[in-house]
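Me: Please take me through this protein, one question at a time.

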Amino acid sequence: MSQSLPDIELLSEVPSPTSAHARTAPLHHRSVYIETYGCQMNVADTEVVASILSDAGYRIVDGPEDANVILVNTCAVRENAEKRVIGRVGQLHGLRRTRPDLTIGVLGCMAQHLTDTLPARAPFVDLIAGPDAYQRLPELLAQTADETLLDTRLSRTENYVGIDPVRKEGTNAWVTIIRGCDKFCTFCVVPYVRGRERSVPSDEILRQVRELAESGFREVTLLGQTVNSYDDGQRSFAQLLDEVAQIDGIRRIRFTSPYPADFNDETIEAMGRLPQVCPSLHLPVQSGSDPQLEAMRRGYSIGEYRQLVQRLRTEIPDLAITTDIIVGFCGESDDDFRQTVELMQEVRFDSAFMFRYSERSGTFAHKGMADDVPDDVKGARLQQIIEMQESISRETNQTWVGRTVEVLVEGRSRRPDADGQPTYFGRSPQGKVTILSDPVEMNQLVQVKIERTTSHTLYGALQR
Ligand code: SF4
């Protein structure tokens with residue numbers, strides 16, 4: 001895709017005239033609570049932050065009540081998420097009534113996005129740090145000056161190499177393999193808040209995965225905004241998949257989110273050949289209309305997307321495909337929307353994240369395109385595709401009834417069955433949540449015969 005790429009910069013560290021307290025607890029008495037919003041990249045970043053702060057002597061705690069430092073790791077992708085986080089930070093500020101030395105920090109994409117306005121909107125925040133500033137957090141937090149610190153330098157190289165994320169015990173570990181994004185889709189704020197694309201060195205990724213396997217994780221999900229664009233100069237994405245698959249103990253490999261235009265034969269071939277790579281793919285399409293894809297600068301036509309889906313389905317049996325769709329983007333006509341509906345009916349995605357377009361400041365669309373689809377039209381279009389997708393998902397899941405699937409057990413479900421007995425859940429290779437009543441242990445791979453389904457869940461019984 002040819003387009004001029006804006007340059008992203010900068011560090012600013014400015015004292016706020018409005019902050020009014022000093023952080024007095026010595027470092028070794030400090031405990032940190034981190035609250036996370038947004039995508040899996042943010043979850044993985046929180047694990048990096050926890051690791052950096054633990055190494056610096058902080059204790060990581062599970063609730064804000066036990067903490068004298070609260071960090072909120074935020075998301076800027078949608079306006080609603082930003083509003084929710086501002087509300088939440090205000091709520092946490094209320095804790096200062098009884099704990100005046102509480103430190104509150106805002107991290108991540110929203111911190112980066114609202115660098116200029118957040119100090120005025122939430123003057124009680126002590127620290128604002130962007131996604132590339134986490135190595136400097138101990139230094140920033142150790143300062144006792146009564147001022148708001150702002151560190152939103154974006155780096156072209158920061159990959160947090162050598163830092164072992166603090167992961168919760170579980171079946172799946174998130175492993176970030178590529179940071180930032182160079183695509184600059186016109187609606188998206190990510191390249192501005194996460195910086196330019198850079199691949200984590202593959203030796204570092206393989207080291208992390210080996211250690212994860214040794215500590216009992218059976219599944220890894222490789223993460224990146226455009227995960228299949230991975231190339232560290234030593235290994236391509238397909239070569240990385242090959243090597244991860246050779247690591248003893250790793251039974252399942254997933255990755256999210258791939259960029260449709262960056263799929264190549266080598267990757268599709270590896271997906272079809274390696275049994276560890278799960279037949280499940282989140283393949284964001286955004287729209288079914290070429291003029292809309294062009295306006296979004298997605299870098300592929302809808303014909304190319306269709307061909308890709310066809311190829312993937314030919315090479316990878318039982319592949320589940322999910323997607324993202326935006327309705328009401330700038331200039332979306334009735335005909336553009338009709339084409340999105342037709343695409344959804346034709347591809348029959350297993351599920352979809354569907355959104356109505358909302359402008360994000362700083363993006364190409366915000367600066368140069370009219371947000372001209374009326375709100376009620378956006379709402380009606382969204383409602384229409386949500387209902388349609390719900391019935392497609394229900395029908396797609398029904399095709400699993402009577403089949404046996406391998407489930408990696410994640411634990412006990414929150415809800416008991418109709419008789420009040422505990423139930424257990426895990427995921428099928430297609431990523432579908434599967435519930436069973438038979439007692440099973442976490443991290444076990446079990447065979448489950450599917451008996452009934454809903455649009456979101458499969459239900460079945462253990463095959464012994
Ligand atoms: S590829 Fe994804 S993260 Fe990158 S700009 Fe486009 S929508 Fe945003």
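**Pairing, domains and ligand shell**

In the predicted model, Ala 173 stands opposite Val 220 in E10. Local features need pLDDT of at least 70 and side-chain atom pairs count only at pLDDT 80 or more, while totals for chains, interfaces and linings use all residues. Residues are numbered from 1 along each chain as its sequence is written.

Me: Over how many bridges do E7 and E10 pair?

Reply: Strands here are DSSP runs of E with at least two residues, helices are runs of H or I with at least four, and both are numbered from the N terminus. Two strands pair if DSSP finds at least two bridges between them. Strand E10 covers residues 219-223, and its pairing with E7 is in the parallel sense, over five bridges.

Me: How many residues of strand E7 are buried?

Reply: A residue is buried if 20 or more other C-beta atoms lie within 10 Å of its own, exposed if 12 or fewer, and partly exposed in between, with C-beta atoms placed from the backbone. Strand E7 spans residues 172-176 and is mostly covered. Of its five residues, the number buried is four.

Me: Is Arg 136 buried or partly exposed?

Reply: Arg 136 is found in the loop between strand E5 (127-129) and helix H5 (137-142). Arg 136 and Asp 151 are 15 residues apart in sequence, with 8.7 Å between their C-alpha atoms. Arg 136 has 16 other C-beta atoms within 10 Å, so it is partly exposed.

Me: Why is one side of E12 and of E14 left without a neighbour in the sheet?

Reply: The open sheet has three strands in the order E12-E13-E14, with parallel pairing. Strands E12 (280-282) and E14 (351-356) stand at the edges, so the reason is that each has a single partner strand.

Me: At what angle to E14 does helix H14 run?

Reply: Axes are lines fitted to C-alpha atoms, for helices over the stretch in contact, and angles run from 0 to 180 degrees between N-to-C directions. Contact requires C-beta atoms, placed from the backbone, within 7 Å. Helix H14 (residues 375-398) lies across E13 and E14, and its angle to E14 is about 175 degrees.

Me: Which helix gives the most to the side of domain 3 that touches domain 4?

Reply: The domain bounds, from an automatic or database assignment, include domain 3 (282-399) and domain 4 (404-462). Seven residues of domain 3 are in contact with eight of domain 4. With five residues, the largest share on the domain 3 side comes from H14.

Me: How many charged residues are in the shell around the ligand?

Reply: The residues around the ligand include Cys 181, Lys 183, Phe 184 and Tyr 259. Ala, Val, Leu, Ile, Met, Phe, Trp, Tyr, Cys and Pro count as nonpolar, Asp, Glu, Lys and Arg as charged, and the others, Gly among them, as polar. The shell has seven nonpolar and two polar residues, and the number charged is one.

Me: How many residues lie between E18 and E19 in their hairpin?

Reply: Strand E18 and strand E19 (residues 457-462) pair in the antiparallel sense over five bridges. Val 448 has Leu 462 in E19 as its bridge partner. The number of residues between the two strands of the hairpin is three.

Technical notes:
Two residues are in contact if their C-beta atoms, placed from the backbone, lie within 7 Å. A residue is near a molecule or strand if its C-beta atom, placed from the backbone, lies within 6 Å of it.
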